Amino acid sequence: MTVAAVPRPYQNYVYAYPHKTSYRPLTPRPALADLWRNQARHALSLYLHIPFCEVRCGFCNLFTRVGAPDRLTGRYLDALDRQAHAVREALGERPASRFATAAFGGGTPTYLAAHELERLCDIAERVMGADLRAIPLSVEASPATATADRLAVLAARGTTRLSLGVQSFVDAEARAAVRPQHRTDVEAALGRIRDAGIPVLNIDLIYGIDGQTESSWRQSLDAALYWRPEEIYLYPLYVRPLTGLGRNIDPAVSEQDWDIQRLSRYREGRDRLLAEGYEQISMRMFRRIDAPPQGPDDYACQTDGMIGLGCGARSYTSTMHYSFDYAVSMREVRSIIDTYTTTTDFTHAVVGRAVDAEEARRRHLLQSLLQAQGLALAGYRLRFGSDPGRDFADQLGLLADRGWLEADADRLRLTPLGLAYSDAIGPEFFSPAVRSAMAAYELR
Ligand code: SF4
């Protein structure tokens, strides 16, 4: 048997499929009321996107801008309110829509002042009808914006999870990742979050930063573990086009070394967290075994719909994924936000991609297989009436040949080695059409 060469481990983080760079302007623009007419709405997810940050981190390609001059946050919330009303009307009264989870992401949602966060919660509750105190509500924050007054609002309004982007507790590494911050400020923010009593604290860390060593990585892990966060995400560093992070070393030589370095840091981080009482949920995510449950667990990301509000948010029906325009460069992001804040008609989807039955199978498989618990065969068969072993025979065969996949009667699951290579596995399941749309996308 010939085993194909092992691919590079860090190719594409598949947090959503199809990727936004495969979306295109929709012509004609479909009415939201039509898109949602026959959709199940008993367990939707609500996502509100706040595209503002205090700084632009060197590794970040998210849709966000630095600062918000001329009362931009207020105008943005005005637009969000208009969009929420339009979406709510498009969903209609029957069948009643019910939200099973909610999240405020960004950007940095806590860039908003405390009174603006109140308004954001009001939009989610009063306009969209999400019962924030009864469902899991996750909010992202940065150390400088995790202030006591903002955290008090978020805690009182029902936040169950606060995710803090720390990246590194070593000041020199934070600078190298172009996220200037001091450990003392990070520690103070963590203290305020714990004081606020939000049940789940998540800390994001990054490995693969220039100058990071086994010892400095251990320092960050130790510092994070001191707080016994309920969740820790370990992200490999990616250097992406149009972001601030440039690497001035010979790519032909360094890329391989960098892969080796990142794989080592990944293993060290994983082993440390497993030894400290954490369970691995995916390549990036670890949850403390005794962490409190996150409320009713009836939202399934593979199948249920998502309503995204804000100009960087995606929405998913079972047959269409849509959003607004997407960009990374500062100038383009600003212009898209300006357009959003002056938009009065939110009744139609603007940019998106139809998801047919074949793409739905790929999405289901990717979002299950890249989790440590793997793909439940019965659920797949029930939903699609076919067998994943037949639908993806070549790709799954290759994974098994590499020792990355194991199967039992109920599940397909990545091995520990396979999980480490999650970012190489994901792209292998992209359809040719999505692949070519992503390749043709002109990043701006
Ligand atoms: S990593 Fe987070 S804080 Fe940094 S620029 Fe991106 S969204 Fe903003």
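**Strands, sheets and a helix contact in a predicted model**

Me: What makes strand β10 and strand β11 a pair?

Reply: Strand β10 (residues 278–280) and β11 are joined in the antiparallel sense over 3 bridges. Two strands pair if DSSP finds at least two bridges between them, so β10 and β11 qualify. Gln 280 stands opposite Phe 286 in β11, and a hairpin through 4 residues leads from β10 to β11. This is a predicted model, in which local features need pLDDT of at least 70 and side-chain atom pairs count only at pLDDT 80 or more, while totals for chains, interfaces and linings use all residues. Residues are numbered from 1 along each chain as its sequence is written.

Me: How do you know that strand β9 and strand β11 pair?

Reply: Strand β9 (residues 231–236) and strand β11 (residues 285–288) have 3 bridges between them, in the antiparallel sense. Ile 232 stands opposite Phe 286 in β11.

Me: Why do β16 and β17 stand at the edges?

Reply: The open sheet contains 3 strands in the order β16-β18-β17, with antiparallel pairing. β16 (375–376) and β17 (405–407) each have a single partner strand, so one side of each is left without a neighbour in the sheet. The pairing of β17 with strand β18 (residues 411–414) is antiparallel and runs over 3 bridges. Leu 405 has Leu 414 of β18 as its bridge partner.

Me: What makes the contact of helix α4 with helix α6, and what is it by class?

Reply: The axes of helix α4 (residues 148–156) and helix α6 (residues 183–196) come within 9 Å and cross at roughly 30°, on a scale from 0 to 180 degrees between N-to-C directions of lines fitted to C-alpha atoms over the stretch in contact. α4 contributes Ala 148, Leu 151, Ala 152 and Ala 155, and α6 contributes Arg 192, Ile 193 and Ala 196; contact requires C-beta atoms, placed from the backbone, within 7 Å. By class there are 6 nonpolar, no polar and 1 charged residues. Arg counts as charged, whereas Ala, Leu and Ile count as nonpolar.

Me: Why is the chain called as compact as a globular protein of that length?

Reply: The chain has 16 helices and 18 strands, identified as DSSP runs (H or I, at least four residues, for helices; E, at least two, for strands). Its radius of gyration is 21 Å, close to the 22 Å that the globule rule gives for 444 residues, so the chain is as compact as a globular protein of that length. The radius is taken over C-alpha atoms, and the rule is 2.2 Å times the number of residues to the power 0.38. Along the principal axes, the C-alpha atoms fill a box of roughly 60 × 55 × 45 Å.

Notes: Two residues are in contact if their C-beta atoms, placed from the backbone, lie within 7 Å.
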